[in-house]
Amino acid sequence: MPDFSPTELAVPGFVLLVLIEMIWAWRRRPEAYEPRDTLTSLAFGLGSTVSGLVFGGAFFALFLWAWEFRLFDIPWTWWAFALCFVLDDLKYYWVHRFGHRVRWFWASHVNHHSSQHYNLSTALRQTWTGYLTLGFAFALPLVLLGFHPAMIAICAGFNLIYQFWIHTEAIDKMPRWFEAVMNTPSHHRVHHATNPRYLDRNYAGVFIVWDKMFGTFEPEVEDETIRYGIVKQLGSFNLLWAVFHEWIGIAQDMWRAPWKHKLSYLLREPGWTHDGSRETSDQIRERWLERQGAKEKSVSYENRIAGEAEAA
């Protein structure tokens, strides 16, 4: 069994790419980087690394224990790695989707979306509290199938490395065949957008085909400027507030809510309230679609009136 951590080896490449993008931004798009925002992203990355070191060993030990009950003995071969990589990416899609659709998971994942800028440093905004959500359980089916936990960890590392480069505005569109199959900067810009059209879309890690299969794909359109961040922006560069604000929000909502609704503030989608005082992403999109429909009807009516006037 190899002792190999792809993400550790990739760190120098991450740093180099961030520096290259900074030079590009300085010349082409100065607003792409904001010093305080970038420092916050770097602090997120450091804290996430520490959190992983503290809790990663316990989860790995749990996986090794579960692996003893495996159904098959999957060998350390190239085809096993390829299959594990694809299945791990499918697992990532569902973990990521839960991260947006269940507030308990969102409290951890919101860290990654908290920047109003979209650049390679944003990719470093990884959670400090992922262990609280127990999202690692999504990988247990792979372990029980017979994939060794170390193989899964290596595939997950390469998955994370792939996702780094798609956090940029420096790349417009990739070739059409690549855009059709793989996750790209264009697809992932949609995922980080707060525009109603784009909310909770494109959950893919590596293969965008999962979104197309499960009905969550949305292409980037050229005539709409993307707004990044979260629906209710942080309004602060305070690192601890950025890390823990949603956990605090959950605690406050559960404390104030009637008993029959308390658990819903933990398990329902972000934005849900028992009194309708806030909106979920589905409600925001539905309201936007209604306005779009009203606009189209108005334009159609005006065009018809203009056509009748010309005919007369």
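## Surroundings of T216

Leaving aside residues up to four places away in sequence, T216 touches Y93, R97, R201, N202, Y203 and D211. The model is a predicted one. T216 itself lies in the loop between α10 (209-214) and α11 (239-256). Its relative accessibility is 4%, so T216 counts as buried, the cut-off for buried being under 20% relative accessible area.

The side chains of T216 and Y93 are joined by a polar contact of 2.8 Å. A polar contact of 2.5 Å is made between the side chain of T216 and that of D211. As for Y198, the C-alpha atoms of T216 and Y198 are 9.8 Å apart in space, and the two residues are 18 residues apart in sequence.

## Aromatic pairs

A pair of aromatic rings is described by the distance of the centres and the angle of the planes. In this model the count comes to 21 aromatic pairs. One of them is formed by F85 and F207, which are edge-to-face, at 6.1 Å centre to centre and with 85° between the planes. This pair links distant parts of the chain: F85 is in helix α3 (residues 78-101), F207 is in the loop between α9 (185-191) and α10, and the two are 122 residues apart. F85 has a relative accessible area of 19% and is therefore buried; F207 is buried as well, with a relative accessible area of 17%.

F98 and F105 form another pair, with ring centres 5.9 Å apart and planes at 80°, so this pair is edge-to-face. F98 counts as partly exposed because its relative accessibility is 34%, whereas F105, with a relative accessible area of 15%, is buried.

One aromatic cluster is formed by Y93, W94, Y203 and F214.

## Charges over rings

Which residues lie over the rings of W67 and W259? For W67 it is R70, whose charged end sits over the ring; for W259 it is K262, which lies over the face. The table gives the distances to the ring centres.

| Charged residue | Ring | Distance to ring centre |
|---|---|---|
| R70 | W67 | 3.8 Å |
| K262 | W259 | 5.0 Å |

Definitions and conventions: Residues numbered from 1 in each chain as written. Predicted model: local features only at pLDDT ≥ 70, side-chain atom pairs only at ≥ 80, totals over all residues. Heavy atoms only, no water. Helix = DSSP H or I, 4+ residues; strand = E, 2+ residues; numbered from the N terminus. Buried < 20%, exposed > 50% of the residue type's maximum accessible area, 1.4 Å probe, protein only. Contact = heavy atoms within 4.5 Å. Polar contact = N/O pair within 3.5 Å; in protein donor to acceptor, adjacent residues only side chain to side chain. Phe/Tyr/Trp six-rings, centres within 6.5 Å; stacked < 30°, edge-to-face > 60°. Lys NZ or Arg CZ within 6 Å of the ring centre and 35° of its normal.
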